[in-house]
Amino acid sequence: MSPSTNSRTEVANTSYSAANFASVFAVLNTFSAAIRVPDIQEPEDLDTVVRCTDDTKALRELALTLLAAAVDRKAKSLPTEDQWPKLCSSLAAGSAVHLLKGLEVPEDAAESLDEFVAQPSAVRVDVLYWFCEIALMNNTVIKALIDGECERERKPASASTNTATNDALVRLTPLVEIAKQRYWLFGNNTRQLYLESLSQKGKGRLELLAQSLEEFAAVAADLRAQRSHAQKELADRLDTEVVPFLEKQERKRERVERALQRQAIAAANVHLYETRTRKRQRVNYNVDEDISYDF
């Protein structure tokens, strides 16, 4: 999904737990260094995967990836489908069994990967959520990321840092809950603000409110115009935490674009330069070789 001037997008969520779905996406998005699922960049991508009925390859890969994270698998390769029942049984027999309480996880979902895929989307989401919760407790890479973040937040904020949210891992709990509406803030190198309705009429929907700098500014202005003190406080948080982060990312993007333009011009111009000597000498015009393109 590319940012637009009005990217209000809804994820239909009538067949599974919105909160568990949001938690799965938050884990995938936040801990991408430990859980690599490149095809899932937005909640809509995850929704497509968990609802699949024909091509189940993406769902199988996602389930095996999260299972590997839950069992803290050291090998770079994913578990095989034959290992599914044994690994699921080991998780269910361990200390994480209490996490199954309240989840729709029938026993046959652990018998084979095929049985898991055959389950309705509500069961699929709950199983993936279960894997995520265990991974947060047991995965050494994820724990190192969390511990590092906690250590950084314990240090006094520098003068150049607006809030701890600028550099912190995105929260795995809602940003705030106001009048039967729950706000979720997702993103690592980006930020997306989602609204979850808790009312009976709209229950089970995630709506994308903002993901660009302009959209966050517009949402903050709209919240500030409301009468509720809680909405005004949320507007202040967006202005002080999210907007500066996005402005910083935009400046980085502009610097990279300028560097790419300089490199393109240099590559299109003369590659062999006639020096004052009698020999042609190759000259390197790549002045930005060491620039980092990571946002």
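The following conversation goes through selected features of a predicted model.

User: What should I know before reading the residue numbers and values?

Analyst: This is a predicted model, in which local features need pLDDT of at least 70 and side-chain atom pairs count only at pLDDT 80 or more, while totals for chains, interfaces and linings use all residues. Residues are numbered from 1 along each chain as its sequence is written, and side-chain values use heavy atoms, with hydrogens and water left out.

User: How many salt bridges does the structure hold?

Analyst: The structure holds 10 salt bridges. A salt bridge is a side-chain nitrogen of Lys or Arg within 4 Å of a carboxyl oxygen of Asp or Glu. In general, side chains of opposite charge can pair when their charged atoms come close.

User: Which residue forms a salt bridge with Asp236?

Analyst: Asp236 forms a salt bridge with Arg224, and the closest N and O atoms are 3.1 Å apart. This pair links distant parts of the chain, with Asp236 in helix H9 and Arg224 in helix H8 (residues 213-224), 12 residues apart. Helices are DSSP runs of H or I with at least four residues, strands are runs of E with at least two, and both are numbered from the N terminus.

User: What about Arg182, which residue does it meet in a salt bridge?

Analyst: Arg182 and Glu177 meet through their side chains in a salt bridge of 3.4 Å, N to O. Arg182 counts as buried, at 17% relative accessibility.

User: Which residues are linked in a network of salt bridges?

Analyst: Arg60, Glu81 and Asp114 are linked in such a network.

User: Back to the surface: which residues gather in a patch of positive charge?

Analyst: Lys248, Arg251, Arg255 and Arg258 gather in a patch of positive charge on the surface. Patches are made of residues with over 30% relative accessible area and no salt bridge, where like charges are joined within 9 Å and nonpolar side chains (Val, Leu, Ile, Met, Phe, Trp, Tyr) within 5 Å.

User: Where does Arg258 lie?

Analyst: Arg258 lies in helix H9, which covers residues 229-268. Arg258 is partly exposed, with a relative accessible area of 43%.

User: New topic: how many disulfides are there?

Analyst: The count comes to 0 disulfides, a disulfide being a pair of cysteine sulfur atoms within 2.5 Å. As for the cysteines, Cys52 is buried with a relative accessible area of 12%, and Cys88 is buried with 3%.

User: How many residues of helix H2 are buried?

Analyst: Helix H2 (residues 43-50) is mostly covered, with 6 of its 8 residues buried. The buried residues are Pro43, Glu44, Leu46, Asp47, Val49 and Val50.

User: What is the phi of Asp72?

Analyst: Phi of Asp72 is near 60 degrees, a positive value in a residue other than glycine. Most residues other than glycine have a negative phi. Asp72 is found in the loop between helix H3 (57-70) and helix H4 (84-92), and Asp72 is buried with a relative accessible area of 16%.

User: And what is the phi of Ala179?

Analyst: Ala179 has a phi near 50 degrees, again a positive value in a residue other than glycine. Ala179 lies in the loop between strand S2 (176-178) and strand S3 (181-186). Ala179 is exposed, with a relative accessible area of 67%.

User: Last one: how far apart are Ser197 and Gln181 in space?

Analyst: Ser197 and Gln181 are 4.8 Å apart, C-alpha to C-alpha, and 16 residues apart in sequence. Ser197 lies in strand S4 (residues 192-197) and is buried, with a relative accessible area of 18%.

Note on methods:
Areas by Shrake-Rupley, 256 points an atom, 1.4 Å probe, with all protein chains shown as cover. Lys, Arg positive; Asp, Glu negative; His and termini not counted. Charge placed at Lys NZ, Arg CZ, Asp CG, Glu CD. Buried < 20%, exposed > 50% of the residue type's maximum accessible area, 1.4 Å probe, protein only.
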